[in-house]
Structure formats: C-alpha cells, structure tokens
Amino acid sequence: MFSLTYEFKLKPTAEQTTIFADWLEQCRRVYNYALAERKDWFKSRSCQINACSLRSEYIIPADSKRPTYANQCKSLTAYRKTSPALQKVQSQVLQQTLRRLEQAFVSMWEQNHGFPRFKKVGTMRSFVFPQMSAGSIENSRIKLPVIGWVKFRQSREIPSDAKVGQVRIVRRVSGWYAMITLQWNVEVPSITPHGEPIGIDVGISHFAAVSNGKLFPNPRPFKKLERKLKLLQRSVSRKVFGSNNRKKAQFKVSKLHERIANVRAYYHWLLSHNLCDWAGMIFAEDLNLKGLARGFLGKHCLDAGWGQFFDVLEQCCRKRGVFFLKVNSKKTSQICPNCLTETGKKDLSLRTHSCHHCGYRTDRDVAAAQVVLIRGLAAVGHTVKMLSEGKAVALPVMKESSPL
C-alpha cells in the first residue's frame with residue numbers, strides 16, 4: 001500500500017467554522033478526561049504498601065483494570081449516550097482522540113518522551129476522520145461525515161485512481177486545512193543506486209555544502225525575525241489575561257511563527273529539488289539532532305531545521321527516483337577526502353581544510369561533504385579502486401595546492 005498526503009486550504013462557511021471549533025473543544029475535553037483517568041490510576045498504584053501520603057492519597061479499588069484504549073472507548077460509548085454535546089461529534093473522531101492519547105503513552109514508554117500533559121483551551125488543533133466514503137471529493141469540495149460538503153482551494157490535481165484513506169482537519173492561524181491521505185494498492189520498488197553521486201554536509205555558517213563545491217546560504221528565518229517576535233511576545237505579556245486584546249496579540253505571535261515555519265519549509269523543498277536535479281545518488285550525515293539541539297549552538301541548529309530538511313530531502317528523492325542514504329557522521333571534518341588521512345580536530349573559526357600530508361586545500365564544509373560521499377559510495381558497493389578505474393564519478397577537482 002502506497003500513501004501520500006495532500007494538503008489543501010479549506011473555505012468553510014461561518015456555520016462550518018463554528019462546528020470545527022466545537023469539535024476541537026469536545027476532543028480536548030475527552031482527551032483531558034481520559035488522561036486524568038489514567039493518571040489517577042497510576043498514582044493510586046505508586047504509593048507504598050505500608051504507608052500513605054500525609055497530604056492526599058488516590059484510592060481506587062484493587063480489582064479495577066488499568067485504563068486502556070479499548071476500555072476507555074467502551075466508557076466513551078456509554079457516556080456519549082447521555083451527553084448531547086458529544087452526540088454532535090462523530091464517534092470515530094472521539095475514538096481517534098483516545099488513540100492519540102494511547103500513542104502518547106506508548107511514546108513515553110518506548111521513546112522516553114515526557115508524561116502526557118493536559119491540553120489548555122485552544123491547544124487542540126486537529127481531529128481525524130479515519131474512514132471516508134467513496135466519491136467524497138469532487139469539484140473542489142470534500143464531504144465530511146456529519147458536517148457535509150466543505151469547499152477547499154484545490155491547488156493541484158488529485159489522482160482519480162487514488163482512494164481517500166483518512167482526512168485530518170487542522171486549525172492554523174491562517175485558517176483551516178485538510179490533510180487528505182490518498183492510497184494506492186501498489187508496491188513501489190526500492191530505488192537502486194545510479195547516476196551521479198553527491199555528498200551533503202549541513203552546517204550553520206552555510207546551510208549545506210555539496211561535494212561538488214557548491215555552498216548554499218543559511219536563511220536563518222528565526223534569527224531574522226527574532227527581534228520582531230520578542231516585541232510581540234512582550235506585548236502579549238502586558239495584556240490582561242483572558243482579555244480580547246491579549247487574544248489579538250497572541251494571534252500576531254502565532255502568525256509570525258507560521259511565517260517563520262513557512263519560510264523554512266519552502267527553502268527546504270527548494271533546496272531538495274535543486275539537489276535532485278544534479279544527482280542520482282545523494283548521501284547525507286546521520287546526525288544526532290537531539291544532542292546538537294542541547295548544545296551551545298542549539299538555537300541555531302533548531303533554526304536551521306536539519307531534521308525537517310532530511311525528511312523533505314528523502315521524500316523528494318523518493319518522488320523523483322533518486323537514491324538517498326544516510327552515512328556515519330563521525331569525524332567527517334577531521335579526515336582529508338583526498339588522502340583519507342585524519343587531520344585532527346579543527347576549531348570552529350577555522351573554515352578552510354588544509355591537509356599537511358598531501359596539500360589538499362578546500363572549504364572545510366566541502367571537504368566534509370566529500371568524506372560523506374566516499375562513505376556513501378563505499379556503503380552502496382563502490383570502492384576507491386572503482387573510482388580510480390573510472391567506473392564511478394570521482395571527487396571533483398577543487399582548490400588544490402602543492403604539498404607544504
């Protein structure tokens with residue numbers, strides 16, 4: 001099964017906008033109630049056997065089962081019969097909210113994420129229709145269960161042979177959006193290594209350096225608008241909590257954050273397509289992004305958005321038939337790509353690679369990208385001997401100097 005998600009901006013009526021907002025609020029309440037039920041059960045089992053807390057204690061019968069997705073869905077079905085507000089919301093939408101909570105606990109146990117938190121008013125931003133009927137999209141309209149036909153801005157054609165799997169309705173500061181998941185009952189073959197290879201090294205001074213010597217600038221969208229964001233956030237802090245003026249100020253902050261995210265995503269897609277125009281194989285570093293985000297340059301690393309860029313690049317390569325692979329990132333800036341001699345650590349202020357063994361001299365980030373290229377070719381079966389025999393494209397001739 002092959003799936004793709006298309007994003008379209010909705011054009012709902014005033015009545016439909018009210019329904020969307022009410023459904024989000026009902027989903028938020030169901031999420032918080034289910035989370036409180038799970039949290040109370042865990043706290044009732046965390047006390048000592050021979051002592052109780054001096055302040056308070058959660059007392060739940062010993063035979064009560066642990067709240068899970070299955071039994072909470074049964075409780076929701078029973079309670080929904082007595083709640084007119086929940087009856088207005090489709091049952092599967094509420095069940096997907098419970099599944100979302102279940103996934104949060106699974107991420108906590110398996111991926112060491114934090115304990116799920118309660119959601120404040122306005123923080124629930126999406127709900128899901130897991131099943132859609134046939135013919136639910138026609139003439140730039142989508143038919144949502146219970147709600148009915150909703151117009152959307154069809155920015156691109158929807159394949160007629162695709163089946164609509166699910167639809168996620170998302171609220172952003174710029175409006176309402178529909179994430180439509182299209183499915184094809186086909187098996188897409190894996191892409192084999194072919195064509196021109198290139199290596200990529202990401203950085204802060206330059207966003208990306210390519211093994212052919214090309215350097216791409218870092219747009220720094222957050223850094224450029226940080227001053228404006230600071231003033232807007234200061235304006236929010238000075239408004240009375242719960243007032244309309246505070247909501248207006250928060251709207252401006254959210255709008256600026258969305259602008260920063262859009263600029264970053266647009267640059268990632270633009271750069272990814274540019275790289276795919278050059279090569280049939282692209283190799284990148286397998287970085288520890290969480291570790292980099294905790295470092296002293298974490299703010300600049302998060303502003304660059306390397307994790308999103310790698311996801312976008314991999315998706316772009318899959319669409320355009322380009323082979324993509326991540327390689328080991330250790331010591332890529334400490335090895336000479338010409339003679340493969342380890343040159344040792346370099347200070348961040350030193351932006352030029354100069355090998356004292358062979359005299360190879362080039363930009364530091366370009367040299368790291370060339371090391372990434374060598375490791376990528378070795379990973380897919382190409383060797384240095386094959387490079388010397390001309391069976392694969394060798395490293396480009398960069399700024400070289402005579403041995404010192």
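A helix here is a DSSP run of H or I covering at least four residues, and helices are numbered from the N terminus. By that rule Asn32 belongs to helix H1. The model that holds this residue is a predicted one.

Is Asn32 buried or exposed? The cut-off for buried is under 20% relative accessible area. Asn32 has a relative accessible area of 13%, and therefore counts as buried. Leaving aside residues up to four places away in sequence, Asn32 touches Phe118 and Lys119.

In soluble globular proteins, nonpolar side chains tend to be buried together. In this model the largest nonpolar core has 42 residues, and Leu144 and Ile169 have the most contacts inside it. Helix H1, residues 14-44, gives the largest share of this core, 8 residues.

What does Leu144 touch, not counting residues up to four places away in sequence? The partners of Leu144 are Phe20, Phe129, Met132, Val150, Val167 and Ile169. Ile169, one of these partners, is also named with Leu144 for the most contacts inside the largest core.

The next topic is open space. Rolling a probe the size of a water molecule over the atoms shows where empty space is left. The largest pocket has a volume of about 1200 Å³. Its lining consists of 28 residues, and those nearest the centre are Gly122, Arg125, Arg171, Gln250 and Ser254. The largest share, 10 residues, comes from H7. By class, the lining of the largest pocket divides into 11 nonpolar, 8 polar and 9 charged residues.

The second largest pocket has a volume of about 800 Å³. It is lined by 28 residues, with Val202, Leu292, Leu297, Leu348 and Arg364 lying nearest its centre. Which elements each supply at least two residues of this lining? They are strand S8 (197-202), helix H8 (289-293) and helix H11 (364-379). H11 provides the largest share of the lining of the second largest pocket, 3 residues. That lining comprises 10 nonpolar, 9 polar and 9 charged residues.

Key
Residues are numbered from 1 along each chain as its sequence is written. This is a predicted model: local features need pLDDT of at least 70, side-chain atom pairs count only at pLDDT 80 or more; totals for chains, interfaces and linings use all residues. Side-chain values use heavy atoms; hydrogens and water are left out. A nonpolar core is a set of buried Ala, Val, Leu, Ile, Met, Phe, Trp, Tyr and Cys residues joined through side-chain atoms within 4.5 Å. Buried means under 20% relative accessible area, exposed over 50%, partly exposed in between (1.4 Å probe, protein chains only). Contact means heavy atoms within 4.5 Å. On a 1 Å grid over the protein atoms alone, a cavity is a set of points where a 1.4 Å probe fits but cannot get out, and a pocket is an open set with protein on both sides within 12 Å along at least five of seven lines; lining residues have an atom within 4 Å of a point. Grid points are joined across faces, edges and corners, and a volume is the space filled by probe spheres set on the points. Ala, Val, Leu, Ile, Met, Phe, Trp, Tyr, Cys and Pro count as nonpolar, Asp, Glu, Lys and Arg as charged, and the others, Gly among them, as polar.
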